[in-house]
Amino acid sequence: MNAPVGVFDSGIGGLSVAREIRAALPAEPLLYVADTAYVPYGDRSEEEVRARSLAIGRWMQGQGAKVFVVACNTASGAALEQLREELRIPVIGLEPALKPAVRQSRNGRVGVMATTRTCGSARLQRLVDAHGTGATILRQPCPGLADMVEDGMLAGPELEARMAEYVAPLREAGVDTVVLGCTHYVFVRDAIQAALGPDVLLMDSGEAIARRTRQILAEAGALAEGGPGAVRILTTGDPAEAAPVVERLWGEPVRVERVEI
C-alpha cells in the first residue's frame with residue numbers, strides 16, 4: 001500500500017519520532033505535519049490542543065493516511081481518546097518511557113524532563129501510579145526548551161546555561177535514569193547528557209513508537225513494499241522559517257510546504 005504514515009506534532013520535535021519510523025520502515029511514505037502556527041502547545045489550553053489535534057487528525061485521514069502517529073506528549077495527553085473514537089484509522093499515541101526507565105534504573109531514582117503541562121498531566125500521573133511503585137520519580141519541567149529547539153538552538157553557551165538549571169534538581173536527587181518526555185528534547189540529547197553526566201541513562205519513546213507502527217501495519221497487511229518511501233513535511237506556519245531547522249534535524253535536504261488546517 002502506498003498510503004502514507006501520518007505523523008503530527010505541535011512543531012518540529014516529532015521529527016525525532018519520524019526519523020525512527022523512517023529507520024524501521026524505510027519503504028513507508030511519510031506525511032508529517034508541524035502545527036507551528038500554534039507552537040508551543042504547552043502554553044495553550046487543553047481544549048485548544050484537543051481541537052487542533054482533532055482537526056489535524058481529520059485532515060490526515062482525508063489525505064488517505066493509513067495510520068496517525070501523534071508524536072507529541074501534550075497532544076497525546078489532551079486528545080488521544082477522542083482521536084481514537086472519531087477517526088477510522090489506527091491512532092498511535094506517545095507517552096513518556098517511564099515503565100522501561102523504572103525497570104532499568106539501578107538506584108530507583110528516575111527523572112522525567114518534560115514540558116510544564118506534561119509534568120502536571122493526569123496521563124503522567126497514571127504512568128507514575130502504574131509503574132513507579134518502589135521508585136522515586138522526579139518531574140522536572142523545562143519551560144522554553146522546546147522553543148529553543150524550534151529556533152534551531154541545539155548547542156552553545158545559552159543552551160548549556162539553561163540545561164544546567166534544568167538538571168540541577170535531578171543531579172541533587174541522584175537520579176541514574178532520565179526520561180526525555182518531549183520529542184524536541186531528543187535533538188539536544190548530547191547537551192542533556194553532558195549536563196547530567198555520563199553515568200545517567202537517557203531514555204525516549206521513539207523506537208517504541210516505530211515498533212508499534214510496524215506492528216499495526218503488519219497486522220493490517222498494510223506494510224509498504226519497495227522504497228524508499230517519499231517524505232512530505234508540511235507546516236501550518238512559515239515554511240521559510242521552518243525549512244533550515246527541519247533540514248538540520250532531518251539530516252538531509254527536504255522540502256517544507258505550507259498547509260492550512
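In this structure, V17, E20, I21 and A24 of helix α1 meet G206, E207, I209, A210, T213 and R214 of helix α10, where contact means heavy atoms within 4.5 Å. The residues of this contact divide into five nonpolar, two polar and three charged; here Ala, Val, Leu, Ile, Met, Phe, Trp, Tyr, Cys and Pro count as nonpolar, Asp, Glu, Lys and Arg as charged, and the others, Gly among them, as polar. The model is a predicted one, in which local features need pLDDT of at least 70 and side-chain atom pairs count only at pLDDT 80 or more, while totals for chains, interfaces and linings use all residues. Residues are numbered from 1 along each chain as its sequence is written, and side-chain values use heavy atoms, with hydrogens and water left out.

The names of the elements follow a simple rule: helices (H or I, at least four residues) and strands (E, at least two) are DSSP runs, numbered from the N terminus. Helix α1 covers residues 15–24 and helix α10 covers residues 206–219, and the two pack at an angle of about 50° with their axes 8 Å apart. Axes are lines fitted to C-alpha atoms, for helices over the stretch in contact, and the angles run from 0 to 180 degrees between N-to-C directions. The angle between α1 and α10 makes the pair oblique, since angles under 35 degrees count as roughly parallel, over 145 as roughly antiparallel, 65 to 115 as roughly perpendicular and the rest as oblique.

The crossing of α1 past α11 is right-handed.

Which residues of α1 are buried? They are L15, S16, V17, A18, I21 and R22, where buried means under 20% relative accessible area, exposed means over 50%, and partly exposed lies in between (1.4 Å probe, protein chains only). These buried residues pack against the strands β1 (5–9), β2, β3 (67–70) and β9 (231–235), as well as against α10 and α11. An α-helix has 3.6 residues a turn, so residues three or four places apart point the same way.

Leaving out residues up to four places away in sequence, L83 touches S53, L54, G57, F68, V70 and V91.

The loops deserve a look as well. P40 sits in the loop between β2 (30–34) and α2 (46–62), and the peptide bond from V39 to P40 is cis, with omega near 0°. L154 is placed in the loop between α7 (145–150) and α8 (157–173), and, apart from its neighbours within four places in sequence, L154 is in contact with V149, L159, F187, V188, R248 and L249. The C-alpha atoms of L154 and Y185, which are 31 residues apart along the chain, are separated by 9.6 Å.

Finally, we may turn to the cysteines. A disulfide is a covalent bond between the sulfur atoms of two cysteines. How many disulfides does the model have? The count comes to zero under the rule that a disulfide is a pair of cysteine sulfur atoms within 2.5 Å. The sulfur of C119 has its closest cysteine sulfur in C142, 6.8 Å away, which is too far for a bond. C119 is buried, with a relative accessible area of 8%, and C142 is buried too, with a relative accessible area of 2%.

Methods: A crossing is left-handed if the near helix is turned anticlockwise from the far one by less than a right angle, and right-handed if clockwise.
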